[in-house]
Amino acid sequence: MFITGQLYRRQELHEKFGGQHQTGISTPAKQPFIFLFTSEDTFDKHKYEDGWTSDGTFSYSGQGRTGDMVFVAGNAAVRDHAANGKDLHLFENAGRGMVRYLGQMVSAGYQVISNRPDSHGNLRSVIQFHLVPLSATADQTPTEQDLRSLNEVPHDDFLDSRQDPETSCREAKALVRQRTLATKAVVLARANGNCEGCGNAAPFVALDGTPYLETHHVRRLTDGGPDDPRWVIALCPNCHQKAHKAIARDAFNDELMLRLMTVASTRMDLTISTRKRN
Ligand SMILES: [Zn+2]
Ligand SMILES: [Zn+2]
């Protein structure tokens with residue numbers, strides 16, 4: 001919906017979608033996404049340290065000009081974005097009211113860093129989010145190592161995407177990858193070979209011997225990335241195309257969301273208890 005590298009007038013974004021006009025983290029109430037704005041001059045003004053790291057994650061400072069940063073408002077929204085079914089859209093300040101779209105991100109966790117000066121020069125602790133470009137999580141085929149590490153960590157640990165752990169920036173990418181794969185694994189296990197949209201059996205058996213189904217986010221605009229299985233549904237290719245391309249796709253997605261709410265609460269427990277027993 002936004003084009004990477006393109007300039008947008010920030011004022012117009014808010015007129016169209018809502019959200020706070022001044023803050024770095026802007027949360028339009030009725031949209032399935034959150035705007036993140038970063039700018040170089042905040043570095044001096046509020047001692048924020050935003051930017052790309054050498055391993056391709058974006059370090060993004062939380063909200064709050066004075067005192068310790070805490071997980072309320074925008075900071076909680078970023079931490080819980082997957083659990084709440086919200087996409088993260090990152091823009092950088094380009095001056096004169098313009099912002100440049102850097103792309104869709106997923107939060108891979110955060111670090112709380114102490115003894116950083118606030119805008120009054122007082123020391124406080126800050127929240128630094130590790131954002132990974134969603135494109136880096138797309139179309140991943142699990143490697144042997146992924147499967148091994150997935151087996152080492154109980155799936156339940158991945159199920160609650162609100163438990164975004166405190167993690168170093170180095171671990172962030174691997175963590176996103178693991179959680180992306182885990183989300184998929186959990187959703188497919190829940191579907192048990194049947195499309196959760198139309199109820200039909202998967203149309204064919206895939207090369208790896210499993211029933212072929214695709215995973216679709218009913219609340220976010222984009223598939224892929226780590227997510228809360230409560231918002232991800234397993235669909236046959238037909239239902240999946242319908243959810244994206246049908247003229248009545250909004251109504252169909254609403255229908256899928258309702259179905260997920262009942263299915264996820266009952267069958268998810270089954271999935272977890274089955275996995276625990278194994
Ligand atoms: Zn279907
Ligand atoms: Zn989809």
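Reply: Gladly! Let's start with L175, a residue in helix α6. Keep in mind that the model is predicted.

Me: Which residue 67 places away along the chain has its C-alpha atom 6.6 Å from that of L175?

Reply: That is A108. In the chain as a whole, 66% of the contacts between residues at least 6 apart in sequence join residues at least 24 apart.

Me: What makes a group of residues a nonpolar core?

Reply: The members must be buried residues of the nonpolar kinds, such as Leu, Ile, Val and Met, joined through C-beta atoms within 7 Å. The largest such core here has 30 residues, and I34, L36, L88, M105, V106 and L131 touch the most other members. Elements giving two or more residues to this core include strands β3, β6, β7 and β8, along with helices α3 and α6. There is also a second, separate core of 20 residues, with A182, V187, C239 and L260 among them.

Me: Which residues does L131 touch, leaving aside those up to four places away in sequence?

Reply: L131 touches T57, F58, Y60, L88, L90, M105, V106 and S107.

Me: And how many helices and strands does the chain have?

Reply: The chain has eight helices and 10 strands.

Note on methods: Residues are numbered from 1 along each chain as its sequence is written. Chains are lettered from A and ligands numbered from 1 in the order in which they are written. This is a predicted model: local features need pLDDT of at least 70, side-chain atom pairs count only at pLDDT 80 or more; totals for chains, interfaces and linings use all residues. A residue is buried if 20 or more other C-beta atoms lie within 10 Å of its own, exposed if 12 or fewer, and partly exposed in between; C-beta atoms are placed from the backbone. Helices (H or I, at least four residues) and strands (E, at least two) are DSSP runs, numbered from the N terminus. Two residues are in contact if their C-beta atoms, placed from the backbone, lie within 7 Å.
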